[in-house]
Amino acid sequence: MKETMEESENVLLEERIAYLEKENKLLKSKLLQHEYIIEDALDAVVIFDAQFNFIDGNSAACEMFQLSKQQLCNRNLYDFLSLVPKHKIEEMFEEITDNRSFASDLAIQLEDGQIKFLEITLRHHVINDCHLAMLKDVSFKKMLERERLINEQLFKDLFHRAVDGIVIFDQHGLFIDANESFCTSFDLCKAQLNTYLLGDFVESKDKYKLEKLWTALKEYGSAKGELPVLLKNGQKKIFEFTTTSNIINGFYMAIMRDITEKRFMEMKLYKSEERFREIFENAIDAIMIWDKCGQILKVNPAACRTFELSDEELIKRNIQEFVDHTSLAYKKVKREYLKTGAIRAELLFHMPNGQSKELEFTSKMDIFDGNHLTIFRNVSERKRMEKELRESEQKFRKIFDGAMDGIVLFNNDYKIIEANPTARKIFNIRKEDIAAFNFCHLLTPNLTDEDGTQLVEGDRADKLQEITYSFENGEEKILEFTVKNNINENMHLAIFRDVTEKRELEEQLRKSDTLNVVGELAAGIAHEIRNPMTSLKGFIQLLEGNMKDDYSMYFNVITSELSRIESIITEFLILARPQAIKYLKKDISIIMSDTIELLSAQAILVNVQMKLKVEEQLPLIYCEPNQLKQVFINVLKNAIEVMPNGGQVDVEIRRRDEEHLTVSIKDRGFGIPEDKIKRLGQPFYTTKERGTGLGLMVSYKIIEEHNGIVEVESEEGKGTTFHITLPVFQGKKSNNE
């Protein structure tokens with residue numbers, strides 16, 4: 001019995017299992033069908049969890065969000081809501097929570113920045129805590145709605161803001177609506193529009209034009225033309241119109257432009273053309289109209305007289321037949337005319353009878369229909385007179401500008417009219433600045449105008465005078481000048497000559513004469529002194545051999561001093577005749593050291609210190625060492641003597657460049673005035689009370705023979721610096737180095 005019951009239960013269980021398997025298979029089939037339907041759905045279908053993370057989505061959803069299914073399932077709905085304000089998002093999710101279903105519009109932004117507008121329908125807790133959402137892309141619809149709104153707004157803006165009048169009327173001509181421009185043009189307020197017909201503003205004589213308008217509208221659906229109207233205030237206007245039919249519920253719309261002023265201007269233009277025609281025909285100057293190929297189209301009677309051809313003959317010609325095409329002037333005029341489209345110039349024109357005329361002309365391109373207008377005037381006679389005047393002026397200008405003397409022209413008020421280049425160079429004034437000067441002030445900048453006036457008026461006029469002209473930088477020039485009054489109406493002339501160099505040459509000539517005398521005197525003195533010197537030296541030698549007692553110290557002093565006297569005489573002869581200098585390659589720093597040591601005893605007596613600074617690795621120079629030592633002695637002695645209260649003398653030897661050395665000797669004495677520096681080295685010129693002026697003169701001559709230069713810097717109260725620059729190599733090197 002028990003076994004029978006167990007077998008019965010097993011049968012029931014097997015039947016139950018078979019039933020469940022069959023039902024499960026059916027459910028799987030239905031689930032698979034639903035998955036296919038959802039996957040192939042045109043709209044996006046997505047499943048969110050409670051936090052709105054994507055759990056699943058069909059192909060449309062992946063395409064909508066431009067992500068793969070795997071990428072989409074890793075995103076949250078919040079990731080695409082960057083365009084939605086935070087408070088709007090919060091309100092949306094509160095509404096989803098409160099309601100079983102939710103439908104709304106949503107704007108999302110994809111990863112590539114693309115913006116889409118979606119319609120979302122959502123049911124929450126469809127599957128456990130998950131939400132099912134249907135998403136539909138309505139971006140195109142939104143765009144169309146936006147364009148429609150924009151077009152409507154643009155139409156409204158165009159309608160209300162258009163400059164031209166726009167009116168809408170029905171098939172009877174009754175005004176339905178109009179913009180402000182139309183109301184202003186017809187002198188109507190908008191409230192009065194519905195009380196008027198279009199025909200109310202058309203006079204009887206123009207009714208046929210209105211009938212033609214209605215016929216065209218019915219037949220073609222559009223019409224355009226001109227319509228004269230008479231306003232209620234009695235004013236007459238002309239409107240240009242374009243009309244279309246059936247735009248809004250079978251109404252007509254007309255765009256009307258007030259062309260009253262335009263027609264008025266056209267009338268004025270017509271009258272202007274009439275006046276132009278009168279001027280054209282009766283003008284004294286020749287007027288010619290020609291096309292772009294140069295073919296003459298129209299001429300006035302004056303043109304016929306100028307070109308000596310009849311109207312019919314001249315019109316058959318080309319304007320280029322009258323000019324020389326090879327002329328440079330013609331080529332230049334043509335190039336400029338084609339570039340600018342207008343020109344004023346002069347050219348030589350050849351007449352049919354062989355005569356040539358100089359014609360001044362004004363030409364304008366494209367005056368109408370691409371044609372050109374040219375006005376001619378015969379200036380041959382004027383050109384001849386101008387040429388003669390120009391030649392005369394050129395002769396004067398050549399003389400004026402090329403004169404070796406400075407020439408200044410001034411008027412009765414002493415205002416300078418012009419000055420030639422020589423005058424501007426003399427006074428160191430630029431051409432553009434000369435007109436700003438008063439002649440008297442220019443002549444005597446350091447004197448009063450009254451003193452300057454006395455130089456150019458009265459007895460002193462027409463006489464040769466001489467003045468010393470001082471510039472602001474301290475430079476001085478000696479000028480000779482003479483004034484010629486009233487050479488023309490309100491014009492006077494002054495002629496200047498710079499004689500500074502002439503006076504300097506005269507002064508140098510006097511110095512040269514003095515130097516010759518000094519040389520001759522030096523030669524004579526040296527000759528006269530050397531004769532007794534020879535006798536003295538001989539007797540001293542005899543005495544030295546015959547003296548029994550030891551007087552060698554005295555003899556040495558006498559012999560040394562006699563040698564010193566002979567050395568001075570030798571240097572003195574430098575003034576008298578050129579010396580044959582034997583150049584040796586020597587170290588200039590050693591020569592200077594020996595000189596400083598020689599003068600150190602004299603310097604110590606007056607509390608003067610001499611400091612030597614030598615640049616390293618100086619080259620040896622070719623020189624006559626004894627002569628350079630004499631120069632250094634003269635300059636250092638002067639430096640010591642100008643510091644009676646003691647001080648320091650700085651001596652510096654440095655390289656000036658690759659080929660020159662500079663020796664600088666600086667004292668701290670009283671200094672030398674600037675006007676006296678340039679006279680240093682002149683015969684018998686000295687700044688010392690008991691000096692002869694020959695020391696520096698000899699020094700300058702020695703440096704000059706060494707192809708060197710001496711430059712002096714001095715400031716009163718602070719001291720003087722002598723810069724002696726010497727070449728490393730002389731023009732001719734000695735064989736003995």
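Strands β9 (residues 236-245) and β10 (residues 252-258) pair in the antiparallel sense over seven bridges. They belong to an open sheet of five strands with antiparallel pairing, in a model that is predicted. Elsewhere, the largest nonpolar core holds 37 residues, and a separate second core holds 29. The points below take the sheet, then the cores, then the strands and side chains around them.

**The open five-strand sheet**

- The strand order is β7-β6-β10-β9-β8.
- β7 (175-178) and β8 (222-230) are the edge strands; each has a single partner, so one side of each is left without a neighbour in the sheet.
- On average, neighbouring strands of this sheet are turned by 30 degrees against each other, direction ignored.

- Helix α7 (residues 207-220) lies across β6 (165-169), β8, β9 and β10.
- The direction of α7 is at about 160 degrees to β8.
- Helix α8 (residues 260-282) lies across β8, β9 and β10.
- α8 runs at about 125 degrees to β9.

**The largest nonpolar core**

- M592, F632, L636 and V649 touch the most other members of this 37-residue core.
- Eight elements each supply at least two of its residues: α18 (588-605), β22 (608-614), β23 (621-623), α19 (625-641), β24 (647-657), β25 (660-666), α21 (694-705) and β27.
- α19 gives the largest share, with eight residues.
- L636 touches M592, T595, I596, L599, M610, V649, V651 and I665, with residues up to four places away in sequence not counted.

- β25 is mostly covered, with five of its seven residues buried.
- β24 and β25 run antiparallel and are joined by seven bridges.
- The hairpin from β24 to β25 passes through two residues.
- In that pairing, E652 stands opposite S664 of β25.
- β25 and β27 also run antiparallel, again joined by seven bridges.
- S664 stands opposite H723 in β27.

**T725 in β27**

- T725 is found in strand β27 (residues 719-727).
- With a relative accessible area of 3%, T725 falls under the 20% limit and is therefore buried.
- The side chains of T725 and R656 are joined by a polar contact of 2.9 Å.
- A polar contact of 3.2 Å links the side chain of T725 to the side chain of T662.
- Leaving aside neighbours within four places in sequence, T725 is in contact with R656, H660, L661, T662, G708, I709 and E711.

**Strand β1 and its partners**

- Strand β1 (residues 44-48) is mostly covered: four of its five residues are buried.
- β1 pairs with strand β5 (residues 130-137) in the antiparallel sense, over five bridges.
- I47 has L132 as its bridge partner in β5.
- β1 also pairs with strand β2 (residues 54-57) in the antiparallel sense, over three bridges.
- In β2, the residue opposite I47 is D56.
- The hairpin of β1 and β2 has five residues between the strands, and F52 there takes a positive phi near 65 degrees.

**R75 in a loop**

- R75 is found in the loop between α3 (69-72) and α4 (86-98).
- The side chains of R75 and E111 are joined by a polar contact of 2.3 Å.
- R75 touches N53, F54, L67, F80 and E111, with residues up to four places away in sequence not counted.

Technical notes: Residues are numbered from 1 along each chain as its sequence is written. This is a predicted model: local features need pLDDT of at least 70, side-chain atom pairs count only at pLDDT 80 or more; totals for chains, interfaces and linings use all residues. Side-chain values use heavy atoms; hydrogens and water are left out. Buried means under 20% relative accessible area, exposed over 50%, partly exposed in between (1.4 Å probe, protein chains only). Two strands pair if DSSP finds at least two bridges between them. A polar contact is a pair of N or O atoms within 3.5 Å; within protein, one must be able to donate a hydrogen and the other to accept it, and residues adjacent in sequence count only if both atoms are side-chain atoms. Contact means heavy atoms within 4.5 Å. Axes are lines fitted to C-alpha atoms, for helices over the stretch in contact, and angles run from 0 to 180 degrees between N-to-C directions. A nonpolar core is a set of buried Ala, Val, Leu, Ile, Met, Phe, Trp, Tyr and Cys residues joined through side-chain atoms within 4.5 Å.
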